[in-house]
Amino acid sequence: MSSNKRIEKIVLDGVTYLLLSLGAIIMVTPFLWMIATSFKRPADQFTMALIPNPVTLDNYRSLFNVDLNFPLMFMNSTVISLLVTVGQLLTCSMAAFCFAVVKFKGREVLFAALLATLLIPFHVTLIPNFIIFKWLGLTGTSVPIWLPAFWGGAFGTFLIRQYFLTIPRDLVDAARVDGASLLQIFWRVYLPLAKPALAALAIFTFQGAWNDLLHPLIYMPAAPNTTLTVGLAFFQQQMVLGGKFTVLMAGAFVSILPLLLVFFFAQRYFIQGIALTGVKR
């Protein structure tokens with residue numbers, strides 16, 4: 001490589017890293033300000049300092065002393081999000097295995113029909129689902145929120161199926177020779193190899209269920225027996241009217257903390273799942 005090309009490459013890399021760093025700073029700054037504000041006194045809530053002086057925990061104490069019962073709503077959100085995640089991982093992985101490995105007549109047509117459901121807005125099925133759950137007497141509980149997750153999903157099935165297609169078919173043939181059934185092949189061969197795709201789907205699903213506001217607002221609107229997103233919506237009105245933005249920022253930070261922990265512990269599998277999905281080996 002000539003010296004001119006080497007210098008050109010260094011300059012291009014430097015500009016690229018500079019632009020990426022500026023983009024990262026722009027995206028991270030509001031998040032850092034939220035965290036900093038949650039540790040400030042109400043008198044300092046509109047200052048732009050990212051290091052509170054002095055640091056106080058009164059906002060978090062106030063957060064858990066309000067009438068909305070944040071611990072109960074936090075627990076409701078955690079349980080519902082975990083159930084939705086488990087339901088999606090179980091049913092979507094089973095459906096993906098059938099579409100990727102099991103050969104049956106009309107498989108491609110059925111898979112295309114499944115993908116076509118992604119074009120239908122979920123608002124279309126909102127009223128029919130509500131009527132069904134009301135007829136079953138399940139409104140006012142968390143069941144209508146997490147039960148549909150055990151019915152499968154087009155996005156999760158597509159994501160895991162694409163990853164299953166990267167697994168060599170020879171493993172299936174070898175397991176068949178050893179006398180393994182389809183269930184054993186799915187459970188002992190494909191699932192252990194699909195950890196990156198499962199982790200990616202788990203993060204997407206958990207994040208969607210945790211941040212869901214519409215369904216809890218429809219099926220569990222009464223505080224404190226509701227989720228954290230609905231509680232924060234009610235809490236926001238109280239804090240804005242009272243001018244206590246520091247307590248509101250503390251509530252926002254507590255609400256996103258589980259998402260940060262989930263991504264932190266599963267980021268390696270998440271990146272692998274996104275990078276390898278749809279790549280033929």
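From the N terminus on, the elements of this protein run α-α-α-α-α-α-α-α-α-α-α-α-α, which amounts to 13 helices and zero strands; here helices (H or I, at least four residues) and strands (E, at least two) are DSSP runs, numbered from the N terminus. The radius of gyration is 24 Å, well over the 19 Å that the globule rule gives for 281 residues, so the protein is more spread out than a compact globule. That radius is taken over C-alpha atoms, and the globule rule is 2.2 Å times the number of residues to the power 0.38.

The model is a predicted one, in which local features need pLDDT of at least 70 and side-chain atom pairs count only at pLDDT 80 or more, while totals for chains, interfaces and linings use all residues. Residues are numbered from 1 along each chain as its sequence is written, and side-chain values use heavy atoms, with hydrogens and water left out.

**Overall form and surface**

Taken along the principal axes, the box filled by the C-alpha atoms is roughly 75 × 70 × 35 Å. The protein exposes about 16700 Å², of which carbon and sulfur atoms supply 71%; accessible areas come from the Shrake-Rupley method with a 1.4 Å probe, and for residues only the protein chains shown count as cover. Of the 281 residues, 36% count as buried, where buried means under 20% relative accessible area, exposed over 50%, and partly exposed in between (1.4 Å probe, protein chains only). Among contacts (heavy atoms within 4.5 Å) between residues at least 6 apart in sequence, 71% join residues at least 24 apart.

Helix H7 (residues 154–164) is mostly covered, since nine of its 11 residues are buried. Among these buried residues of H7 are Leu159, Ile160, Tyr163 and Phe164, and also Arg161 and Gln162.

**Charges and salt bridges**

The protein has 19 positive and 10 negative charges, and their mean positions are 5 Å apart. In this count Lys and Arg are positive and Asp and Glu negative, with His and the chain ends not counted, and the place of a charge is taken as NZ of Lys, CZ of Arg, CG of Asp or CD of Glu.

Side chains of opposite charge can pair when their charged atoms come close. The structure holds three salt bridges, a salt bridge being a side-chain nitrogen of Lys or Arg within 4 Å of a carboxyl oxygen of Asp or Glu.

| Salt bridge | N to O distance |
|---|---|
| Asp13 and Lys9 | 3.0 Å |
| Arg61 and Asp58 | 2.6 Å |
| Glu108 and Arg107 | 3.5 Å |

Asp13 and Lys9 are four residues apart in helix H1 (residues 3–38), and are therefore separated by about one helical turn. Asp13 counts as partly exposed at 29% relative accessibility, and Lys9 is partly exposed as well, with a relative accessible area of 46%.

In helix H2 (residues 58–63), Arg61 and Asp58 are three residues apart, so that about one helical turn separates them. Arg61 is partly exposed at 49%, and Asp58 counts as partly exposed at 44% relative accessibility.

Arg107 has its place in helix H4 (residues 107–116). Leaving aside its neighbours within four places in sequence, Arg107 is in contact with Cys98, Phe99, Ala100, Val101 and Val102.
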